[in-house]
Amino acid sequence: NTRITLARRPQGAPVAEDFHIEQVSVPQPSQGEILLKVLYLSLDPYMRGRMSTAKSYAKPVEIGGVMEGGTVAEVVASNHADFKPGDIVLSHSGWQSYALSDGKGLRKLDPDAAPISTALGVLGMPGFTAYAGLLTIGQPKPGETVVVAAASGAVGSVVGQIARIKGARAVGIAGGPDKCAFLRDELGFDVAVDHRAPDFAEQLKASCPDGIDVYFENVGGHVFEAVFPLLNTYARVPVCGLIAHYNQDGQAPAGPDRLPGFMRQVLSRSLQIRGFIQTEFSDQRDSFLKEAAGWIADGRLRYREDVVEGLENAPQAFIGLLEGRNFGKLVVNVV
Ligand code: NDP
């Protein structure tokens, strides 16, 4: 039974030494408990926040604690009436190969309905985040321009495709020519812009001749700086993530105070900037699962997974996620 714990809190970008890989015995389920064998572990940007004590919407992982994470697991032993060996479940078992559960919060998956790893991606938390954030806050209308960054990733790829389904024009921002080609050729984005190009801001402006009506914010940093001047009057900005800043642990870098100028633009252009955590919209989960499954079946919603083999490779893969080295939804095949 391999498990990965938090060895120390990262200073800036996480490094391998911030994690500890250890071998422990497989636990035994007591009455009312089940033993889960983890098959897939989801790696997500929010985990950087759990490594830090900076003020957040969720508690940090303790030093020496198992890293938190969403998982797809198989029931291998059960003392619980609702679960039997062989059941496949969505769980939150973290970075370890075996875990106990009392059954609370588990969702049974049907392996015949969809590949089970999709419960961590396109049909899971990231896909749902895209759906709820875009449709509830972004509210794209036919003919409008929707821009999303980290567009080849788990959330962004779904945002752009749902924007297209709703009749909007989808502009994706991604790092490098391969990801941009994938957005255009595989996912059907109208335009893709490489945020690493030296003339990125000019390219983005040329790609949005009618301005931007919805900007789904995943990144912050230099991407938001290029987007902000292009926002139209009444533009909506669902603030989903700020991955470019996660290694700053909540500390703003020194610099001039640009907040008054920013607020002036929010006022004069009637901008709606609204942050959210996906759990806020959990009452939409059933409609999401139904609609997304339909869009996948009719080919309008495609997905790409970046599967890393072996739990011991999770730390390096996670470090890479914060640098844009993943290409698609990052999952670890634990077995
Ligand atoms: P992705 O699969 O998109 O992977 C992260 C990507 O972010 C990288 O591949 C990279 O893509 C991009 N990136 C990383 N650093 C930078 C940077 N400095 N500047 C620009 N781009 C960068 O991750 P997810 O789809 O899982 O998550 C996307 C965002 O959504 C994150 O901010 C995450 O925290 C947020 N989120 C929020 C939720 C909520 O409830 N509010 C729930 C789930 C996710 P590239 O190479 O294209 O730059």
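These legends walk through close-up views of a predicted model of a protein chain with a ligand.

**View 1. The protein chain as a whole.** Let's begin with the overall picture. The secondary structure of the protein chain comes to 9 helices and 15 strands. Its radius of gyration is 20 Å, close to the 20 Å that the globule rule gives for 335 residues, so the chain is as compact as a globular protein of that length. Along the principal axes, the C-alpha trace spans about 60 × 45 × 35 Å. Buried residues make up 43% of the 335 residues.

**View 2. The shell around the ligand.** Now we turn to the ligand, which is surrounded by 33 residues. Which of these residues are the closest? They are Gly 153, Gly 175, Gly 241, Ala 244 and Gly 324. Two or more residues of the shell come from each of helix H2 (125-138), helix H3 (154-165), helix H6 (221-227) and strand E15 (329-333). The largest share, 3 residues, is given by H3. By residue type, the shell divides into 18 nonpolar, 12 polar and 3 charged residues.

View 3. Helix H4 covers residues 177-185, and its buried residues are Lys 179, Cys 180, Phe 182 and Leu 183. Why can we say that these buried residues line one face of the helix? Seen down the axis of H4, they fall within an arc of 160°, so they line one face. On the other side of H4, you will find Pro 177, Asp 178 and Asp 185, which are exposed. What do the buried residues of H4 pack against? Their partners are H3, strand E9 (169-174) and strand E10 (191-194).

**View 4. A look at His 222.** Is His 222 buried, exposed or partly exposed? With 13 other C-beta atoms within 10 Å, His 222 is partly exposed, because a residue counts as exposed at 12 or fewer and as buried at 20 or more. His 222 and Val 335 are 113 residues apart along the chain, and their C-alpha atoms are separated by 39 Å.

Key. Residues numbered from 1 in each chain as written. Predicted model: local features only at pLDDT ≥ 70, side-chain atom pairs only at ≥ 80, totals over all residues. Near = placed C-beta within 6 Å. Helix = DSSP H or I, 4+ residues; strand = E, 2+ residues; numbered from the N terminus. Nonpolar A, V, L, I, M, F, W, Y, C, P; charged D, E, K, R; others polar. Rg over C-alpha atoms; globule rule 2.2 N^0.38 Å. Arc of directions from axis to C-beta. Contact = placed C-beta atoms within 7 Å.
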